[in-house]
Every structure is written in structure tokens, then in C-alpha cells.
Amino acid sequence: MESVFSELYERHIDTVYRICYAMMGNRQDAEDAAQSVFVKLMRSKMTFQSVEHEKAWLIATARNEHRRWWRKKVVKFETGMPDEQHADRLPQHEMMDGMRRLPPNHRLLLYLYYYEGYKLLEIAKMLKMNINTVKTRMRDARKRLKLELGDDFID
């Protein structure tokens, strides 16, 4: 059982950490949150149907961990993940500054879509949201990022 968990951890720790970092905004909180996600996994004794099912469960748990963390600790988020599609059009620090100002849920959607390569329907299932809600929030996230970046951001 320990080797199965170890393999699962190795397979997904980078993704879970990056998601936690995108939502938490700093390394220390992201490390704590990622660790909490895997502790929850150990305690849950979950069995998964596939690697994608594992990943979906871990991502949803990371999102829920952020919600619990946010209720306990209200601080300003200090960083975000850049949108790769437009990263070559802006200096890295400007893209990061724009992402920093987005709400964590917007950063999560952009991260899952652009970095993890999930389709909107997959994101909706993973986060247990209506597909139209995901589409609306994704549109809002893109618009808000564009506003944050100003005229430098060209579609």
C-alpha cells in the first residue's frame, strides 16, 4: 500500500503543488496545502479508476484546501501563473503582476486550461461545476486579465 501511495505522490506532486501555488500565492503556503492534500488522500483510502481520476480528485481537493485556508487566513496573494498563450507578448514580470491581481478561482481555471491542457468540459467535471458556469468564469478570467494588463495584451 505504501508503494502505491508513493507512486501516486510522485506522479502528481508537481501538479498539485503548482495548483496550490497558483491559488495560495507563495511557496510556503503552497507546500503546506500540497502536503495537506496528500494527507487527506492517505486518510481517505480512496481507490481510483484511472490516473486521470486520481488527478481530478487531487485537483478538486487542492481547491477545497484553498477554501479552508482562505477562511482561516486572509492575506493578499502575491503571485500567479502566467497565461502561456500570451507569455511571449509581455515581459514575464508584467504577466505575473497581472495574474497576481486575479482572484484565485480565475487563476485556477486559467492554469487548468492553459498549463494542464484540460478542456472546459473536463474542468467542469473535475470541479463539479456546470459547463456554462466554467465557460462564463473562463471568459471573465480572460477579460479581467486583459484589463489588468492593459493595452500590452493583444488577443
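Biologist: Is His66 buried or exposed?

Modeller: Buried means under 20% relative accessible area, exposed over 50%, and partly exposed in between, with a 1.4 Å probe and protein chains only. His66 is buried, at a relative accessible area of 7%. Helix α3 holds His66. Helices are DSSP runs (H or I, at least four residues), strands likewise (E, at least two), numbered from the N terminus.

Biologist: What should I know about the model and the numbering?

Modeller: The model is predicted, so local features need pLDDT of at least 70 and side-chain atom pairs count only at pLDDT 80 or more, while totals for chains, interfaces and linings use all residues. Residues are numbered from 1 along each chain as its sequence is written, and side-chain values use heavy atoms, with hydrogens and water left out.

Biologist: How far apart are His66 and Asn105 in space?

Modeller: C-alpha to C-alpha, 9.7 Å. In sequence they are 39 residues apart.

Biologist: Which residues does His12 touch?

Modeller: Contact means heavy atoms within 4.5 Å. Beyond residues up to four places away in sequence, His12 touches Phe38, Val51, Glu54, Lys55 and Leu58. His12 lies in α1 and is buried, with a relative accessible area of 3%.

Biologist: Which residues touch the most other members of the largest nonpolar core?

Modeller: In soluble globular proteins, nonpolar side chains tend to be buried together. A nonpolar core is a set of buried Ala, Val, Leu, Ile, Met, Phe, Trp, Tyr and Cys residues joined through side-chain atoms within 4.5 Å. Here the largest has 35 residues, and Ile19, Leu112 and Leu127 touch the most other members. Helices giving two or more residues include α1 (2-24), α3 (51-72) and α6 (104-115). The largest share, 7 residues, comes from α1.

Biologist: At what angle do α1 and α6 pack?

Modeller: Axes are lines fitted to C-alpha atoms, for helices over the stretch in contact; angles run from 0 to 180 degrees between N-to-C directions. For α1 and α6 the angle is about 145°, with axes 8 Å apart. Thr15, Arg18, Ile19, Ala22 and Met23 in α1 meet residues of α6, among them Leu108, Tyr111 and Leu112.

Biologist: How many α6 residues are buried?

Modeller: 9 of 12, so defined by that 20% limit. Among them are Pro104, His106 and Tyr114. Just after α6, Gly117 takes a positive phi of about 80°.
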